[in-house]
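Biologist: Thanks for sitting down with me over this one. Could you walk me through a few spots, one at a time?

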Amino acid sequence: DRDSTFASAYYRLTQAYGWMEAGGDAAERAELARRALKENLPARDRLILEGEEALATGDAAGVTLMEDAVKRYPDDPDAWVLLGEHYVHQGDRLNRTLDDTWRAFSTAAQLDPTFSPTYIHYAETAIRRGDVEQARSLIAKYHALSVGTHQGLALTLAFDLPFGDAAARAAAVAALDTLAPHTASDLTNGLAFTAAGLDALQAVGQALWSRTRRPRWGTTLFAAHLSRGRLAQARGVMGEEGAVSPAAAGWVLGLASPEVPPRRSAPGACDGDAVCLLLLGARGVDDGDARAVAAASGAFDASLERASAEANSGWGEWLQAGRDALGAYEAWRKGDAQGAFQALAAAQRGPGGSRDIGAVMRLWMGQIAAQEGRAADAESYLVSLEKDALLGWYGVLLQARLHADAGDGAGAATEYGRFLELWSDAPTDHPFVREAKEAIGA
């Protein structure tokens with residue numbers, strides 16, 4: 001109010017509105033002023049603002065940008081918080097780990113222990129690492145600093161569902177019946193890729209799917225069942241109208257049940273879904289069906305034209321990533337593993353290569369690296385899948401095989417043991433279960 005040209009004040013004001021998740025005219029005016037005054041910001045603020053913009057647009061290059069920023073300004077808690085945010089939202093695309101995320105947020109909290117947003121992903125990371133007491137302490141610190149927020153509720157539920165006593169778990173499950181979808185989404189961010197975490201994910205998915213019938217929650221429920229080896233239940237979810245993308249779910253279910261041919265779909269049924277089109281095209285490649293590959297490619301091109309005509313850049317970027325990935329997959333299957341790997345790496349780091357489509361690409365990159373004998377690279381890509389229940393279970397199985405192929409019996413036993421824990425609800429005669437049990441002598 002006192003100085004309409006004070007760029008840093010507008011910058012901080014937009015940050016405050018952002019952390020409050022507040023919109024409206026006031027927030028919009030602050031954002032417009034901040035953009036107009038961007039060049040007036042000090043160099044440090046301009047650099048961090050560049051990192052915020054990269055995060056907002058899903059640009060994985062923001063990870064390395066902020067890694068450079070904390071080297072340049074190691075005493076800046078904002079830089080460390082933003083680096084942690086990039087690790088949470090984009091780090092899997094560059095194979096950054098939970099340990100990397102932990103270091104970023106723990107450093108930020110040491111530099112400024114009073115900034116409550118730090119503790120959201122900090123506590124989630126503790127939960128995902130299985131550090132129960134640390135998670136409990138960090139959640140308490142967040143509640144002490146920020147009372148009554150939906151993020152605080154999400155953290156409490158994410159802790160109580162896997163770690164609470166019987167009464168706390170029962171109360172958490174009951175709370176899901178009226179939980180806002182936004183809060184439920186935040187809750188899932190803090191669930192570990194463990195049997196207990198996946199059971200909690202299943203409870204969230206079941207409650208929200210039953211209440212909202214939104215595909216996001218149908219897919220969550222499908223992934224949770226699949227990751228616990230509940231194949232019949234996963235097929236049941238797939239059979240519910242509108243729960244999942246049939247092509248994508250069928251492809252993933254085909255990984256879990258290779259003896260059951262996935263249901264065929266036509267590209268038109270994908271309705272511009274890049275993951276669906278990619279997996280249909282990949283199946284055509286595997287089947288040697290050039291017409292199916294051409295149909296998927298044509299559907300990509302038609303959807304890209306629609307996205308351009310509608311000025312929908314996000315959809316266009318997603319489609320382009322899928323289109324590039326299909327070309328890379330075809331090159332791999334025709335013998336050009338190195339070229340395919342490079343193309344997949346570029347596509348999954350680009351603006352459209354995040355989330356499910358990026359996970360599919362990293363699975364293929366891990367398989368290519370394993371095929372080429374680059375075991376360490378392969379493992380890093382397979383580990384990155386554990387952020388996503390849809391493919392994380394398969395990444396654990398492939399890690400076990402990777403160690404076994406390298407003659408690392410101890411490493412193979414560890415990963416096969418993890419797989420058996422995840423798939424403890426699977427049929428005992430399933431080939432993957434038998435494979436794991438035989439490998440560890442169970």
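This is a predicted model: local features need pLDDT of at least 70, side-chain atom pairs count only at pLDDT 80 or more; totals for chains, interfaces and linings use all residues.

Biologist: Is N95 buried or exposed?

Modeller: The classes go by relative accessible area: buried is under 20%, exposed is over 50%, and partly exposed is in between (1.4 Å probe, protein chains only). N95 also has a positive phi, near 60°, although it is a residue other than glycine. Its relative accessible area is 19%, so N95 is buried.

Biologist: And D271, buried or exposed?

Modeller: D271 lies in the loop between α15 and α16. Its phi is positive as well, near 50°, in a residue other than glycine. With a relative accessible area of 58%, D271 is exposed.

Biologist: Which residues does the disulfide join?

Modeller: A disulfide is a covalent bond between the sulfur atoms of two cysteines. Here a disulfide is counted when a pair of cysteine sulfur atoms lies within 2.5 Å, and by this rule the count comes to one. The S to S distance is 2.0 Å, and the residues joined are C270 and C276.

Biologist: What is the handedness of the link between C270 and C276?

Modeller: Both ends are covered: C270 is buried at a relative accessible area of 6%, and C276 is buried at 4%. The angle about the S-S bond is -65°, and the link of C270 and C276 is left-handed.

Biologist: Which residues of α6 are buried?

Modeller: Helix α6 covers residues 98-111, and its 14 residues reach 20 Å from first C-alpha to last, close to the 20 Å expected. That expected span is 1.5 Å times one less than the number of residues. The buried residues of α6 pack against α5 (77-90), α7 and α8 (132-145), with contact meaning heavy atoms within 4.5 Å. They are T101, W102, A104, F105, S106, T107, A108 and A109.

Biologist: How many residues of α9 are buried?

Modeller: α9 runs over residues 150-163, and its end C-alpha atoms are 20 Å apart, which agrees with the 20 Å that 14 residues should span. Its buried residues pack against α1 (7-20), α7, α8, α10 (166-175), α11 (181-189) and α12 (195-212). Among the buried residues are Q151, G152, F159 and D160. α9 is mostly covered, and the number buried is ten.

Biologist: What is the C-alpha separation of R128 and F159?

Modeller: R128 sits in helix α7 (residues 118-129). Leaving aside neighbours within four places in sequence, R128 is in contact with L98, N189, G190, L191, A192, E386 and K387. R128 and F159 are 31 residues apart along the chain, and their C-alpha atoms are separated by 9.9 Å.

Biologist: Which residues does A30 contact beyond its sequence neighbours?

Modeller: A30 belongs to helix α2 (residues 25-36). At 2% relative accessibility, A30 counts as buried. Leaving aside neighbours within four places in sequence, A30 is in contact with Y10, L13, T14 and Y17.

Biologist: Which residues does Q367 touch?

Modeller: Q367 is in helix α20 and is partly exposed, with a relative accessible area of 24%. Its C-alpha is 8.7 Å from that of Y381, 14 residues apart in sequence. Not counting residues up to four places away in sequence, Q367 touches W332, Y394 and L398.

Biologist: Last one: which residues line the largest cavity?

Modeller: A cavity is a set of points on a 1 Å grid over the protein atoms alone where a 1.4 Å probe fits but cannot get out, and lining residues have an atom within 4 Å of a point. The search finds one cavity of 30 Å³ or more, and the largest has a volume of about 30 Å³, which is the space filled by probe spheres set on points joined across faces, edges and corners. The elements giving two or more residues to its lining are α15 (246-256), α16 (274-287), α20 (355-371) and α22 (389-405). The lining residues are A248, V252, V275, L279, D356, V360, L390 and L391.

Terms used: Residues are numbered from 1 along each chain as its sequence is written. Side-chain values use heavy atoms; hydrogens and water are left out. Helices (H or I, at least four residues) and strands (E, at least two) are DSSP runs, numbered from the N terminus. On a 1 Å grid over the protein atoms alone, a cavity is a set of points where a 1.4 Å probe fits but cannot get out, and a pocket is an open set with protein on both sides within 12 Å along at least five of seven lines; lining residues have an atom within 4 Å of a point.
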